[in-house]
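Thanks for coming. I have one model to go through today, and I will keep to the numbers.

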Amino acid sequence: MNLHEYQGKEILNSFGVRIQRGIVAQNAKEAVAAAKQLTAETGTGWHVIKAQVHAGGRGKGGGVKLAKNLQEVEELAGQIIGMNLITPQTSAEGKKVHQVLIAEDVYYPGDNEPDEYYMSVLLNRTSGRNMIMYSTEGGMDIEAVAEETPHLIFTEEIDPSVGLLPFQARRIAFNLGLSGGAFKEMTKFVMALYTAYVKSDSSLFEINPVLKTSDDKIMAVDAKVTIDDNALYRHKNYVDMRDIREENPIEVEANEVGLNYVDLDGNVGCMVNGAGLAMATMDLIKQAGGEPANFLDVGGTADAKRVEEAFRIILKDDNVKAILINIFGGIVRCDRVAQGVVDAYKNMGDAIKVPIIVRLQGTNADIAKELIDSSGLDVQSAVEFQEAADKVQAVLA
Ligand code: GDP
Ligand code: MN
């Protein structure tokens with residue numbers, strides 16, 4: 001589950017990680033009230049207005065603006081809320097902004113080269129250990145740093161049996177070129193950040209930038225936080241942080257009916273039982289010259305109701321030009337699935353306007369093929385993988 005910056009910062013703060021403070025606002029009026037409250041609490045005169053969407057690169061897209069007085073807070077918040085924000089990390093259509101974070105200005109006025117660092121915590125899948133990745137080149141696109149100056153990116157791996165050790169935090173502060181008060185602050189920051197990562201069951205923290213203020217404080221100015229969905233049951237207070245406005249609506253709907261669905265850009269809809277077979281089916285579609293429109297694992301029960309739900313989800317995507325159903329009937333019998341496909345098709349009236357190729361293999365595959373072939377519907381049957389691929393290719397041609 002991805003979080004907004006303000007929610008990520010809330011979690012960091014709860015574990016003692018210093019953050020740039022802010023208050024979320026839904027409209028310009030709330031923004032002004034938030035700014036006043038921040039001034040009272042922090043003494044800040046200037047405020048940063050930050051679009052809250054699930055995408056980075058907001059600064060580049062015009063979603064982060066500095067306001068030097070309350071009138072500017074009101075104007076800028078009014079402009080940013082409701083805008084369609086396009087950043088290097090959104091699709092070409094961009095993302096609608098529903099709310100902004102009003103944050104204290106923590107940069108030294110006129111400082112053109114503030115000390116901004118990059119820091120993330122994530123799992124290194126090769127070693128199976130958490131690691132902290134960090135760089136002196138913060139505030140900019142870390143992918144570009146990785147490409148152009150990879151020697152400026154450091155990593156620190158953490159032994160799970162002992163956790164992050166103080167000497168490792170000191171090494172990080174040292175490699176970032178810090179000394180004195182800032183060095184101490186950074187070691188504290190890193191230790192707290194790692195504790196927050198582990199205790200919140202996150203799968204990604206990306207803090208870009210981490211800022212060294214003019215009075216040597218170290219703080220998180222931005223926060224991209226992803227919580228591991230499988231651990232959400234342990235964090236009832238995070239569950240409400242989900243913002244489905246930021247998620248793909250078809251995926252949300254599929255999720256509600258218990259279908260394992262991921263939306264993709266291609267033109268061939270897939271309906272498959274089992275995640276492994278679904279992956280293999282997507283490869284098959286590519287080989288046949290198509291592009292998968294989705295990943296969809298219908299799970300164990302491919303009955304008429306379930307097949308119909310899957311059809312409806314797949315057909316919400318206008319790019320779908322054909323549907324490939326690929327089911328292995330091991331426990332579930334192929335003839336039952338075939339009957340399910342036929343019944344679902346009939347139930348849906350003329351909602352299905354694209355050709356369907358069904359490949360059923362396993363128990364009673366021959367009976368299933370017979371059922372499909374004699375149904376009189378625009379459904380083609382196949383038994384072999386390649387045969388199915390050829391038929392997909394033929395309908396796309
Ligand atoms: P992103 O563009 O989505 O990564 O959003 P960030 O939260 O990283 O903000 C983008 C940029 O806005 C930062 O790299 C800073 O340069 C700038 N910024 C953020 N907070 C402040 C602030 O308090 N004062 C000033 N002057 N600039 C800020
Ligand atoms: Mn950032």
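I will take the overall fold, then the ligands, then salt bridges, then one surface patch.

Some bookkeeping. This is a predicted model, in which local features need pLDDT of at least 70 and side-chain atom pairs count only at pLDDT 80 or more, while totals for chains, interfaces and linings use all residues. Residues are numbered from 1 along each chain as its sequence is written, chains are lettered from A and ligands numbered from 1 in the order in which they are written, and side-chain values use heavy atoms, with hydrogens and water left out.

The overall picture. The protein chain has 13 helices and 18 strands; these are DSSP runs, H or I of at least four residues for helices and E of at least two for strands, numbered from the N terminus. Its C-alpha trace spans about 80 × 50 × 40 Å along the principal axes. Of the 397 residues, 48% count as buried. Buried means under 20% relative accessible area, exposed over 50%, and partly exposed in between, with a 1.4 Å probe and protein chains only.

Now the ligands. What coordinates the manganese ion, ligand 2? The donors are N208 (O) and D222 (OD), at 2.2 Å. Donors here are N, O and S atoms within 2.8 Å of the metal (3.2 Å for Na, K and Ca), and water is not among the atoms, so sites may look incomplete. N208 lies in strand β10, residues 202-212, and D222 in the loop between β11 (218-220) and β12 (224-227), so the pair ties together parts that are 14 residues apart in sequence. N208 is buried, at 17% relative accessible area.

N208 also contacts ligand 1: one of its polar backbone atoms is 3.1 Å from an oxygen atom of that ligand. For polar contacts, the cut-off is a pair of N or O atoms within 3.5 Å; within protein, one must be able to donate a hydrogen and the other to accept it, and residues adjacent in sequence count only if both atoms are side-chain atoms. The side chain of R58 has an N or O atom 2.7 Å from an oxygen atom of ligand 1, and for the side chain of Q20 that distance is 3.0 Å. The protein covers 80% of the 570 Å² of accessible area that ligand 1 has on its own. Those areas come from the Shrake-Rupley method with a 1.4 Å probe; for residues, only the protein chains shown count as cover. The elements giving two or more residues to the shell around ligand 1 are β2 (47-51) and β10.

Next, salt bridges. The structure holds 23 of them, each defined as a side-chain nitrogen of Lys or Arg within 4 Å of a carboxyl oxygen of Asp or Glu. E156 pairs with R171, the closest N and O atoms being 2.6 Å apart. E156 lies in strand β9 and R171 in helix α5, so this pair ties together parts that are 15 residues apart in sequence. E156 is buried at 4% relative accessibility, whereas R171 is partly exposed at 38%.

R312 and E308 also meet in a salt bridge, at 2.8 Å from N to O. Both lie in helix α10 (residues 304-315), four residues apart, about one turn of the helix.

Last, the surface. V162, L165 and F167 form a nonpolar patch with about 260 Å² of accessible area together. Patches are made of residues with over 30% relative accessible area and no salt bridge; like charges are joined within 9 Å, and nonpolar side chains (Val, Leu, Ile, Met, Phe, Trp, Tyr) within 5 Å. V162 is in the loop between β9 (153-157) and α5 (166-175), and is exposed at 51% relative accessible area.
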